[in-house]
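Colleague: I have not looked at this one before. Can you walk me through it?

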Amino acid sequence: LCYNCVKDLRQSGLYFHNFNLKDYFKKHDSYIPKTIKKYETRKEIQDYSADHEEVARACRKRVNYTCQKCKLNCSESKHLLHLHHIDGDKSHNYPHNLQVLCVGCHSKMYKHEHMKTKFKPEIEIVHNMLKSQRILDLDS
C-alpha cells in the first residue's frame, strides 16, 4: 500500500501492524474475490530514490525553474521549487509521475497540508513573488 493509503487506514482504525490485503478484504468486503493472486510487498518507510536530488535538479532545469501549476518563475530562488510525486510514492521517478511545483502550490496538493506549517516562511516568499511577478494568487 502507498503511504497515503496506510495513513488513511490508520486514521480510520483499520490498519494493523501485519497488514495483509487478503485478510483485509476477507474481513471488510464480501464483494471482493477471495483469491488475491498478486503477491503483496510491504514497505514500512517510503524513501526518495538514491538519485532524487539529481532527478529533481534535472526536472527543475527542464521547466526553466518555473512552477508547472501557477507559472511562478523561481530562477532566482530555486530552493522554492519542489518535485511533486503525483501518485504519492517518493520512489516513483517516472516522468509522467513528476511535477515541478513551487512550495505554495505543492502545499495545496492532496495529502500535503502539513507543508503549510513546515514551509510557512517559504510560502510567504512565494506569495510575495507572485505579487511582484503579477501572477494571480488564488489564495489571497
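Colleague: What does the secondary structure of the protein come to?

Modeller: The model has 6 helices and 2 strands. Helices (H or I, at least four residues) and strands (E, at least two) are DSSP runs, numbered from the N terminus. Along the sequence the pattern reads α-α-α-β-β-α-α-α.

Colleague: What should I keep in mind about the model?

Modeller: It is a predicted model: local features need pLDDT of at least 70, side-chain atom pairs count only at pLDDT 80 or more, and totals for chains, interfaces and linings use all residues. Residues are numbered from 1 along each chain as its sequence is written, and side-chain values use heavy atoms, with hydrogens and water left out.

Colleague: Fine. How many residues does the protein have, and what share counts as buried?

Modeller: There are 140 residues, and 35% of them count as buried. Buried means under 20% relative accessible area, exposed over 50%, and partly exposed in between (1.4 Å probe, protein chains only).

Colleague: And the accessible surface?

Modeller: About 10000 Å², with 53% of that belonging to carbon and sulfur atoms. The areas come from the Shrake-Rupley method with a 1.4 Å probe, and for residues only the protein chains shown count as cover.

Colleague: What share of the contacts joins residues 24 or more positions apart?

Modeller: Such pairs make up 47% of the contacts with a separation of 6 or more. Contact means heavy atoms within 4.5 Å.

Colleague: Now the strands. How do β1 and β2 run?

Modeller: Antiparallel, with 5 bridges joining β1 (residues 81–85) to β2. Two strands pair if DSSP finds at least two bridges between them. Take His-85: its bridge partner in β2 is Leu-98.

Colleague: How many residues are in the largest nonpolar core?

Modeller: That core has 23 residues. By definition it is a set of buried Ala, Val, Leu, Ile, Met, Phe, Trp, Tyr and Cys residues joined through side-chain atoms within 4.5 Å. Those with the most contacts inside it include Cys-67, Leu-83, Cys-102 and Val-126. The elements giving two or more residues to this core are α3, β1, β2, α4 (103–107) and α6 (120–132).

Colleague: Which residues does Leu-83 touch?

Modeller: Leaving out residues up to four places away in sequence, Leu-83 touches His-52, Val-55, Ala-56, Cys-59, Leu-98, Gln-99, Val-100 and His-106. Its C-alpha atom is 9.3 Å from that of Glu-53, 30 residues apart along the chain. Glu-53 lies in helix α3 (residues 52–62). Glu-53 is partly exposed, at 46% relative accessible area.

Colleague: Back to the cysteines. How many disulfides are there?

Modeller: The count is 0. A disulfide here is a pair of cysteine sulfur atoms within 2.5 Å. Cys-102 is in none; the nearest cysteine sulfur, that of Cys-105, is 3.7 Å away.

Colleague: Is Cys-102 buried or exposed?

Modeller: Buried, at 1% relative accessibility. Cys-59 is buried too, at 6%.

Colleague: New topic. Where is His-112?

Modeller: In the loop between α4 and α5 (115–118). His-112 counts as buried, at 15% relative accessibility.

Colleague: What does its side chain reach?

Modeller: The side chain of His-112 reaches the backbone oxygen of Tyr-110 at 2.8 Å. It also makes a polar contact with the side chain of His-106, at 3.4 Å. A polar contact is a pair of N or O atoms within 3.5 Å; within protein, one must be able to donate a hydrogen and the other to accept it, and residues adjacent in sequence count only if both atoms are side-chain atoms. Setting aside neighbours within four places in sequence, His-112 is in contact with His-84, His-106 and Ser-107.

Colleague: What about the backbone at Asn-64?

Modeller: Asn-64 has a positive phi of about 55°, although it is not a glycine. Asn-64 lies in the loop between α3 and β1, and counts as exposed at 55% relative accessibility. Tyr-65 also has a positive phi of about 55°.

Colleague: Last one: which residues of α1 are buried?

Modeller: In helix α1 (residues 3–11) they are Asn-4, Val-6 and Leu-9. After α1 comes Gly-13, with a positive phi near 80°.
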